[in-house]
Amino acid sequence: MVSLAREYDAELRISKGGHSVNGRSILELMTLSASLGTELELSASGDDAGALIAALSEMISAGFAEND
Amino acid sequence: MTFWKEFKSKSCSSRIKASVKEDVLEEVVDLLVKGGDVDASMRDEVLNALLAREQLASTGAGMNVAIPHVKIKGLEKVVCSLCVTKEDVDWNAVDGNPVHILFTVLRPERATDEHDPEEHIKRMSWIARLGREADFRRFVRSAKTKAEMLSLLKEMSAV
């Protein structure tokens with residue numbers, strides 16, 4: 001997710017329970033302690049915000065290619 | 001948080017000599033074996049698992065920190081180590097920066113009497129909070145002994 005976010009010219013915030021972190025930082029993302037099933041809110045801003053959210057939605061829908 | 005207790009001095013290093021990712025991981029695993037955290041019979045399996053994990057995606061989390069982490073069949077409890085390298089190591093990290101600080105985490109494939117999978121998420125979160133602290137990174141790199149490094153883990157866990 002972080003690698004994907006870094007390909008776009010956009011800032012990404014990921015929130016859990018009102019706590020928001022930089023979605024372009026693995027270390028910050030890990031501090032969310034988001035186990036399987038956790039609801040997260042993704043928010044992007046910048047020139048590529050729309051494209052980034054679309055790409056992330058596709059990645060999440062595909063189960064991060066881990067549903068095999 | 002008492003995850004700092006899972007780091008044993010014998011399995012950690014304040015001066016990893018290797019400067020290439022694969023060699024660094026080998027040195028880390030040999031330390032875990034030497035420290036008694038990994039049985040010698042599992043040495044190759046653990047190393048191969050860590051190398052395979054890096055092929056999947058780099059564990060270079062940015063800010064000069066790598067967090068190699070894998071599940072190991074036959075492991076009954078979590079094994080952790082903290083190592084600092086002498087040299088810059090190209091880890092193909094997400095931010096392109098070299099790695100100096102490694103938190104290595106081996107965990108059982110499934111829940112055991114000594115391993116709660118839910119704790120793993122909290123452990124990784126704890127490691128991430130340490131890794132993103134500039135003070136921690138600066139202090140751990142300047143630590144002259146393993147005792148200093150582990151003392152730092154304990155102190156900064158309380159912050």
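In what order do the elements of chain B run from the N terminus on? In this predicted model, the order is β-α-α-β-β-β-β-β-α-α-α, which amounts to 5 helices and 6 strands. The radius of gyration of chain B is 14 Å, close to the 15 Å that the globule rule gives for 159 residues, so chain B is as compact as a globular protein of that length. Taken along the principal axes, the box filled by the C-alpha atoms of chain B is roughly 35 × 35 × 25 Å. The pLDDT of chain B averages 95, and 99% of its residues score at least 70. For the complex as a whole, the predictor gives an ipTM of 0.84 and a pTM of 0.91.

Within chain B, helix 1 (residues 21-34) and helix 2 (residues 43-56) have axes that come within 10 Å and cross at roughly 145 degrees. The crossing of these two helices of chain B is right-handed. On the side of helix 1 of chain B, the contact is made by Lys21(B), Glu22(B), Leu25(B), Glu26(B), Val29(B) and Val33(B). Helix 2 of chain B contributes Arg43(B), Val46(B), Leu47(B), Leu50(B), Leu51(B) and Glu54(B). By class, the residues of this contact divide into 7 nonpolar and 5 charged, with no polar residue.

Chain A contains 3 helices and 3 strands, arranged along the sequence in the pattern α-β-β-α-β-α. A compact globule of 68 residues would have a radius of gyration near 11 Å, and the 12 Å of chain A agrees with this. The C-alpha trace of chain A spans about 30 × 30 × 15 Å along its principal axes.

The strands of chain A form an open sheet of 3 strands in the order 2-1-3, with antiparallel pairing. Strand 2 and strand 3 (41-45) of chain A are the edge strands, each of which pairs on one side only. From one strand to the next, the twist averages 25 degrees. Helix 3 (residues 49-61) of chain A packs on this sheet and touches strand 1 and strand 3 of chain A. The direction of helix 3 of chain A makes about 150 degrees with that of strand 3 of chain A.

The pairing of strand 1 (residues 11-16) with strand 2 (residues 19-22) of chain A is antiparallel and comprises 4 bridges. In this pairing, Ile14(A) stands opposite Val21(A) of strand 2 of chain A, and Arg13(A) stands opposite Asn22(A) of strand 2 of chain A. Strand 1 and strand 2 of chain A form a hairpin with 2 residues between them. In the turn of this hairpin, Gly17(A) has a positive phi of about 55 degrees.

The interface between the chains brings 11 residues of chain A into contact with 14 residues of chain B. On the side of chain A that touches chain B, helix 1 (2-5) and helix 2 (26-30) of chain A each supply at least two residues. The largest share of that side, 4 residues, comes from helix 2 of chain A. By class, the side of chain A that touches chain B has 4 nonpolar, 5 polar and 2 charged residues.

Notes
Residues numbered from 1 in each chain as written. Chains lettered and ligands numbered in written order. Predicted model: local features only at pLDDT ≥ 70, side-chain atom pairs only at ≥ 80, totals over all residues. Axes fitted to C-alpha atoms, helices over the stretch in contact; angles between N-to-C directions. Left-handed = near helix turned anticlockwise from the far one by under 90°. Contact = placed C-beta atoms within 7 Å. Nonpolar A, V, L, I, M, F, W, Y, C, P; charged D, E, K, R; others polar. Pairing = 2+ DSSP bridges. pLDDT = per-residue confidence, 0-100. Rg over C-alpha atoms; globule rule 2.2 N^0.38 Å.
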